[in-house]
Every structure is written in C-alpha cells, then in structure tokens.
Amino acid sequence: MKRSLLQQGLIDITSKLIAFNTVTPFGNETTCAPYISKLLKELNMKVKVLAKKKNRANVIGEIGSGKKSLVIACHMDTVEFGKGWKITDPLKPAIKNGRIYGRGAVDDKGPFAVAYCAVKKFIQKHPAFDGKIYLVAMADEEDDNIYGAKFLLQKGFKADAGLMIDGGYLNSFDYGEKGCIQIKIESFGKQEHSGLQEHGQNAVENLIDLISILKNDLKFEKFDKRFTPLHLNTSLITGGEMANSIPAYAFGQMDIRFPLGISSKEVIGKIEMLVKSTSGTNKKFKISILYATEPHVVESHELITSFKKAAKMINLPMKAITIGGNSVAKEFTQAGIPSIVHVPASVYTAHEPDEYISIKEMGTSVKLYVAFFEKYFTTK
Ligand SMILES: [Zn+2]
C-alpha cells in the first residue's frame with residue numbers, strides 16, 4: 001500500500017523514538033533529546049532543554065508571538081519491556097498490519113509524532129497565527145514526574161491551557177480525575193497457640209474485620225455527580241506465620257479513589273474515625289498515609305469547547321469523561337494550566353508486550369489536533 005507523506009513522517013518519527021532506550025526508572029531521556037530538539041528546530045521553534053538531573057532531559061519547543069498560549073505535552077520515557085513480545089523486539093520498531101509496534105509506540109512516542117506533525121501542519125497553514133504553542137517532550141512520567149512535569153512547573157512553566165497526549169482513547173478525552181489516597185494499615189495482636197484462642201489476639205482477623213467495615217462504611221453521599229462514587233481497593237494484605245499460631249501482626253495497603261466534592265482530608269478523617277471506633281483492647285491498629293492527591297476537573301473552558309468542535313468538524317465521535325486514574329493533567333491543572341488528556345488510539349496497548357499504534361488513527365488524530373488548534377486560536 002502506498003503511504004502518504006504524512007503517514008511516512010509519522011512512521012519515521014515514531015520508529016526513531018522507539019529505538020532510543022528510555023526505560024524508567026533510569027529514563028535517560030538525554031539520549032533522544034537531541035533528535036527531538038532537531039525536529040523542533042526544523043519548525044523554527046525556539047528550543048530549550050531543561051534537566052533537574054543530568055540524564056533526565058525535558059525538551060520545550062516554542063513558536064508564535066500572540067498572547068494566548070497552549071501547551072501540548074507528551075513524555076519520552078517508557079515502562080520496562082516485560083516478557084511476551086512476539087511481533088518484534090521492544091526497541092526494534094516494526095510496521096505490520098497498518099500498525100507501528102515497539103515499546104513506547106502508543107505510550108508515548110507515537111503520540112509525540114502525532115503532536116509534532118499536527119503542529120507542523122498547523123504552522124504551515126497558519127504561519128502568522130495569533131498565539132503561542134509550546135510542544136513539550138517530558139521526562140519521568142512513568143515514575144514520579146519529579147524530573148519531568150513537576151520540575152517544569154516548579155521552574156515556573158506557564159501556559160493558558162494544555163493538551164496532554166497520553167492516556168484515554170481516540171473517541172474520548174479526560175477533563176477530570178479523581179483524588180487518590182494510598183494507606184497502610186497495621187494490625188497488632190498477641191501471639192498464642194491456635195488451641196488457646198481465648199488468650200490470643202488475632203491480628204489477621206482483626207484486620208479483615210476492619211477492611212470490611214471500611215468497605216461498607218467509607219461512603220459519602222454528597223459529591224460531584226460527573227464522577228463515580230468513592231472506591232476502595234484492598235491491594236495488599238500480609239500477616240501470620242503458621243497454621244497453629246494466632247498471628248500477632250498483619251498489615252494491608254489500600255488505594256482509595258474519590259470524586260470531586262470530597263477532599264483527601266475528609267476521607268482520611270473518616271478512615272481515622274472508623275478505625276478508632278473499631279479499635280479496642282483486643283484490636284489495635286496504626287494507619288500511615290503513603291500518598292494523596294486531590295480530585296480535579298476542568299470547568300467549562302474554551303479548551304474543551306474547541307476540542308469538541310474540532311472533533312465534530314472532522315466527524316469523529318468524542319465524549320468528555322472523568323477518570324479514576326491520575327495523569328500529568330492533574331499536575332498542570334492544579335498549577336493553573338487547565339489541561340485535558342487525549343490519546344490518538346482506539347485500542348490502548350500501553351505497558352503491554354507488542355505495544356502498538358494504528359497508523360490510520362494517528363492520521364485521524366493529526367486532523368483532529370490541527371482542527372483543535374484552529375478553533376482554539378480563533379476563539380476570542
Ligand atoms: Zn504515558
């Protein structure tokens with residue numbers, strides 16, 4: 001099949017990027033930063049490379065002189081290869097069945113190629129557009145964003161709105177994300193022979209009782225109905241040593257996703273209350289908060305209306321959704337840059353063996369983003 005110039009460009013950039021080993025936690029985004037800088041310079045963008053740590057580069061391209069600005073962000077790091085690759089090796093891009101295969105194909109190297117080609121097309125069509133575009137290739141998204149998004153925002157990076165091309169699906173974009181709390185609960189009992197249960201205190205059973213109380217009673221009636229209710233997931237449970245002993249110690253970890261309208265403080269407060277009312281002389285617990293974020297939503301904003309209009313213009317069905325996951329859009333939105341998340345793929349094979357992206361859907365998304373830039377920059 002003959003390929004268009006655009007398709008060839010998308011394939012070339014994605015394949016080049018896949019071949020750089022940027023597996024987290026090392027990242028080594030510096031290996032592909034020069035290639036990305038070169039691409040951005042070809043569009044006459046002003047290019048800055050910023051790194052908190054020597055090998056963790058972020059590349060920022062900037063073009064335009066108007067007041068209104070938009071940041072389009074992707075990330076260069078990938079998750080590890082894992083096992084089970086059949087089509088190709090993770091670092092050897094392969095073109096098959098109209099798809100590009102390789103680690104990072106859809107998360108997030110292919111999406112960068114789409115973003116790049118869309119910006120290129122938009123600039124060619126509107127060389128004197130009234131605004132400013134930042135095209136950013138970040139480090140450290142698959143880990144903690146410490147060397148990537150968080151670092152750039154701490155450095156004072158600013159824009160009026162953002163499109164994060166990383167996560168979700170072709171026919172939906174995420175404009176809000178739940179808050180997340182991860183906790184550890186330790187249960188302390190008293191060890192005893194299993195035959196003498198009247199003297200022991202069973203830490204495992206006490207923990208199980210507490211978890212079922214949390215499952216049933218950690219609920220909030222009032223919250224923003226654009227989100228699903230709070231959900232608690234017991235993700236880890238450990239305790240006990242042998243069948244004939246009453247266990248003296250057990251611990252569990254829980255991940256709680258909660259909607260807008262509730263704060264992490266309220267959730268933690270209610271957990272503490274439930275733990276306190278469950279505790280007694282035979283039941284002792286300790287809670288530690290491991291991680292906490294707040295829920296966020298981008299309220300009606302020209303970013304959203306422009307994105308919806310653009311999809312309509314190219315006849316692409318598009319739904320606005322809220323999700324339980326946390327993406328860099330939370331970091332950007334909470335730093336004053338309202339941001340939505342979209343990915344140029346209807347099947348999301350991120351982090352899987354034989355990760356791929358459809359070349360046709362990449363082309364569709366280039367059209368979508370060009371239309372989006374046009375809507376966004378002509379809206380006053
Ligand atoms: Zn990603």
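Two residues are in contact if their C-beta atoms, placed from the backbone, lie within 7 Å. The model is predicted.

**Helix H5 and its surroundings**

On the H5 side, the buried residues are Ala-203, Val-204, Asn-206, Leu-207, Leu-210 and Leu-214. They fall within an arc of 160° seen down the axis of H5, so they line one face of the helix. An α-helix has 3.6 residues a turn, so residues three or four places apart point the same way. Exposed residues Ser-212 and Asn-216 sit on the face of H5 turned away from its buried side.

The length of H5 can be checked against its residue count. H5 covers residues 203-217, and its 15 residues at 1.5 Å a residue should span 21 Å; the end C-alpha atoms are 21 Å apart, so the two agree.

**The four-stranded sheet**

Four strands form an open sheet in the order E11-E13-E9-E14, with antiparallel pairing. E11 and E14 are the edge strands, each pairing on one side only. From one strand to the next the twist averages 15°. E9 and E14 pair in the antiparallel sense over nine bridges, and the bridge partner of Lys-184 in E14 is Ser-288. H6 packs on the sheet, where it touches E9, E13 and E14, and its direction makes about 170° with that of E14.

**Nonpolar cores**

The largest nonpolar core has 81 residues, and those with the most contacts inside it are Ile-72, Val-114, Ala-115 and Leu-135. Leaving aside neighbours within four places in sequence, Leu-135 is in contact with Leu-40, Met-45, Gly-61, Ile-72, Ala-115, Tyr-116 and Val-119. Another core lies apart from the largest one; this core has 16 residues, among them Ile-185, Leu-210, Ile-256 and Phe-258. Leu-210 is also one of the buried residues of H5.

**Backbone details**

| Site | Feature | Angle |
|---|---|---|
| Thr-24 and Pro-25 | cis peptide bond | omega about 10° |
| Asp-107 and Asp-108 | cis peptide bond | omega about 15° |
| Asn-28 | positive phi, not a glycine | phi about 45° |
| His-351 | positive phi, not a glycine | phi about 70° |

Pro-25 is found in the loop between helix H1 (5-19) and helix H2 (33-42), and Asn-28 lies in the loop between H1 and H2 as well. Asp-108, by contrast, has its place in helix H3 (residues 105-125). His-351 lies in the loop between strand E17 (339-342) and strand E18 (356-358).

Asn-28 has 19 other C-beta atoms within 10 Å, so Asn-28 is partly exposed. His-351 has 14 C-beta neighbours inside 10 Å and therefore counts as partly exposed.

**The chain as a whole**

The secondary structure of the protein chain comes to nine helices and 18 strands. Its C-alpha trace spans about 80 × 45 × 40 Å along the principal axes. Of the 380 residues in the protein chain, 43% are buried. Among contacts with a separation of 6 or more, 78% are between residues 24 or more positions apart.

Technical notes:
Residues numbered from 1 in each chain as written. Predicted model: local features only at pLDDT ≥ 70, side-chain atom pairs only at ≥ 80, totals over all residues. Core = buried A, V, L, I, M, F, W, Y, C linked by C-beta atoms within 7 Å. Buried ≥ 20, exposed ≤ 12 C-beta atoms within 10 Å, placed from the backbone. Helix = DSSP H or I, 4+ residues; strand = E, 2+ residues; numbered from the N terminus. Expected span 1.5 Å × (residues − 1). Arc of directions from axis to C-beta. Pairing = 2+ DSSP bridges. Axes fitted to C-alpha atoms, helices over the stretch in contact; angles between N-to-C directions.
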